[in-house]
Amino acid sequence: YRLLVATEKRESLFSGYPGHILAVVIGGSLCISLVMMVVPPLLPAIIADLGISSGQAGLVMTVWWLAVAFFNMPGGRLTDELSHKTGLVVGLATAFLGLVILTQSSRYLLLLLGVATVGIGRGFYQPTAIAQIADLFDRQRGQALGLRGAALNFGGVISGVLAASVL
């Protein structure tokens, strides 16, 4: 009985250490998703501002998603060899650096560098976030992963509103 009570306390979704870490994971997922999803609706404005072709804009999105894909495995390896906290920090810091580069992109190559950097950050962050949740939660793992997934989707909703207000 005591073990069951201790496990239930440990697995609280919203309190204690697991709850705090889950909040960080959810917040990071929301922010990364928001950045990832705000660029596509802004592509027509980016094309006009930078004077690039639609093919070049398509390459921007290709570079972005290739960076995510190629850095998922190194992100998972970093998580396995170091710690989840390190992977989360590396992923978020890299994505934030990419966001800074994106906001300063007055040239096409800077835009490509910015999206690649955000993609690398997301590539590191995603497997780390999932592994962190898997380590913290046993009985409520599905709920915790569902909250993280909801944050990713909610980031897309917020990005649409943000893009509409910018345009």
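At what angle do helix α2 and helix α5 pack, and how far apart are their axes? Helix α2 (residues 16-50) and helix α5 (residues 108-136) pack at an angle of about 155 degrees, with their axes 10 Å apart. Axes here are lines fitted to C-alpha atoms, for helices over the stretch in contact, and angles run from 0 to 180 degrees between N-to-C directions. The two helices, α2 and α5, are therefore roughly antiparallel to each other, given that angles under 35 degrees count as roughly parallel, over 145 as roughly antiparallel, 65 to 115 as roughly perpendicular and the rest as oblique. The crossing of α2 and α5 is left-handed; a crossing has this hand if the near helix is turned anticlockwise from the far one by less than a right angle, and is right-handed if clockwise. By class, the contact of α2 with α5 has 18 nonpolar, 3 polar and 1 charged residues. In this classification Ala, Val, Leu, Ile, Met, Phe, Trp, Tyr, Cys and Pro are nonpolar, Asp, Glu, Lys and Arg are charged, and the others, Gly among them, are polar.

The model is predicted: local features need pLDDT of at least 70, side-chain atom pairs count only at pLDDT 80 or more, and totals for chains, interfaces and linings use all residues. Residues are numbered from 1 along each chain as its sequence is written, and side-chain values use heavy atoms, with hydrogens and water left out.

The overall architecture may be described next. The protein has 6 helices and 0 strands, and its elements run α-α-α-α-α-α from the N terminus on. Helices (H or I, at least four residues) and strands (E, at least two) are DSSP runs, numbered from the N terminus. Along the principal axes, the C-alpha atoms of the protein fill a box of roughly 65 × 35 × 20 Å. Of the 167 residues in the protein, 41% are buried; buried means under 20% relative accessible area, exposed over 50%, and partly exposed in between (1.4 Å probe, protein chains only). Among contacts (heavy atoms within 4.5 Å) between residues at least 6 apart in sequence, 77% join residues at least 24 apart.

Val 35, Met 36, Val 39, Pro 40, Leu 43 and Ile 47 in α2 meet Ser 54, Ala 57, Met 61, Trp 64, Trp 65 and Val 68 in α3. The contact of α2 with α3 comprises 11 nonpolar residues, 1 polar and no charged. For α4 and α5, the packing angle is about 160 degrees and the axes are 7 Å apart. That makes α4 roughly antiparallel to α5, and the crossing of α4 and α5 is left-handed. The residues of the contact of α4 with α5 divide into 18 nonpolar, 10 polar and 2 charged.

In soluble globular proteins, nonpolar side chains tend to be buried together. The largest nonpolar core has 33 residues, and those with the most contacts inside it are Val 39, Trp 64, Leu 102 and Leu 111. At least two residues of this core are supplied by each of α2, α3 (54-81), α4 (84-103), α5 and α6 (141-166). The largest share of this core, 11 residues, comes from α2. Not counting residues up to four places away in sequence, Leu 102 touches Val 35, Val 39, Trp 64, Leu 111, Gly 114, Val 115 and Val 118.

Ile 52 is found in the loop between α2 and α3 and, at 9% relative accessibility, counts as buried. Leaving aside neighbours within four places in sequence, Ile 52 is in contact with Ile 46, Ile 47, Ala 57, Tyr 108 and Leu 111. His 84 lies in helix α4 and is buried, with a relative accessible area of 15%. The contacts of His 84, again leaving aside neighbours within four places in sequence, are Thr 79, Thr 128, Ala 131, Gln 132 and Asp 135. Ser 159 lies in helix α6 and is buried, with a relative accessible area of 2%. Beyond residues up to four places away in sequence, Ser 159 touches Leu 34, Met 37 and Val 38.

Terms used:
A nonpolar core is a set of buried Ala, Val, Leu, Ile, Met, Phe, Trp, Tyr and Cys residues joined through side-chain atoms within 4.5 Å.
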